[in-house]
Amino acid sequence: MLISHRLTARAIHAVWRRLEFWGSVAPGTDKADEFGTFGRRSMITFPYAALFGCAEIHLGEDTLIGRHCSLSVGYGDDDPSLPQRGLVIGDRCVIGQRATITAHESIEIGDDVWFGQDVFVSDSGHGYQDPETPIGVQWGERSPVLIGAGSWVGHGAILLPGTRLGRNTVVAAGSVVRGEFPDHAVIGGVPARVLRRFEPGLGWAPASGEGEVRPIWRHEDVERLLSGEA
């Protein structure tokens, strides 16, 4: 019985690995050809949750989209108001599993942006002003979203319409973000606010002006530390 179960499990896992490989969306596949741009060596990992409005989605090179992600532009492929570049994701990005990115006007993600898992980004919500109409059919205001190059968006963060993040910005896990934030900032909370900002010649200072200033670490410093040279 144990041997039979082991063999069955081994066969299932082997089939699943093949499905993951052959089911992924990559350059040269029919699904990738539906995209406005699908960069070299980029991949959307199988299984994905939803992909539509693909002609208005543009992926850069060397970008990885994790399993069970949803990428969409508009309300469906037959939406007559689809913007030509509704969703743009740059080069060398990593979008964690189960992320949902839904654009109706413009979401732009810069190069080298990494998402944790379960991140939600949208440039549109729902209205509520008509008290006689269900909220689900009241379309809200659309406002573009911009995520600056080199940023990190932590696990479970929610980026609401109108969010604009500067370069190399850190979004803490679980944050709910709306509004404009500067380059080189650490933001977090519900609603998100600036927790730390980079001060040239000083380091990473608390936005409140109180507390420790964290030193600057260069990438080469970290490599030396890990190698034991420091």
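View 1. Trp-16 counts as partly exposed, with a relative accessibility of 40%. The model shown here, as in the other views, is predicted. Four aromatic pairs are counted in it, and one of them joins Trp-16 to Phe-46 in a tilted arrangement, 6.0 Å centre to centre with 50° between the planes. Here two distant parts of the chain are linked: Trp-16 belongs to helix H1 (residues 2-23), whereas Phe-46 sits in the loop between E2 and strand E3 (50-52), 30 residues apart.

**View 2. Phe-21 with Trp-22.** Take a look next at Phe-21 and Trp-22, which form an edge-to-face aromatic pair. Their ring centres are 4.9 Å apart, and the angle between the planes is 85°. The pair is called edge-to-face because its angle is over 60 degrees. Both Phe-21 and Trp-22 are exposed.

**View 3. Ser-42 and its surroundings.** Our last stop is Ser-42, found in the loop that runs between strand E1 (37-38) and strand E2 (43-44). With a relative accessible area of 2%, Ser-42 is buried. A polar atom of the Ser-42 side chain lies 3.0 Å from the backbone nitrogen of Thr-63, and a polar atom of that side chain lies 3.2 Å from the backbone nitrogen of Asp-62. Neighbours within four places in sequence aside, Ser-42 is in contact with Val-25, Ala-26 and Pro-27, and also with Gly-60, Glu-61, Asp-62 and Thr-63.

Note on methods: Residues numbered from 1 in each chain as written. Predicted model: local features only at pLDDT ≥ 70, side-chain atom pairs only at ≥ 80, totals over all residues. Heavy atoms only, no water. Helix = DSSP H or I, 4+ residues; strand = E, 2+ residues; numbered from the N terminus. Buried < 20%, exposed > 50% of the residue type's maximum accessible area, 1.4 Å probe, protein only. Polar contact = N/O pair within 3.5 Å; in protein donor to acceptor, adjacent residues only side chain to side chain. Contact = heavy atoms within 4.5 Å. Phe/Tyr/Trp six-rings, centres within 6.5 Å; stacked < 30°, edge-to-face > 60°.
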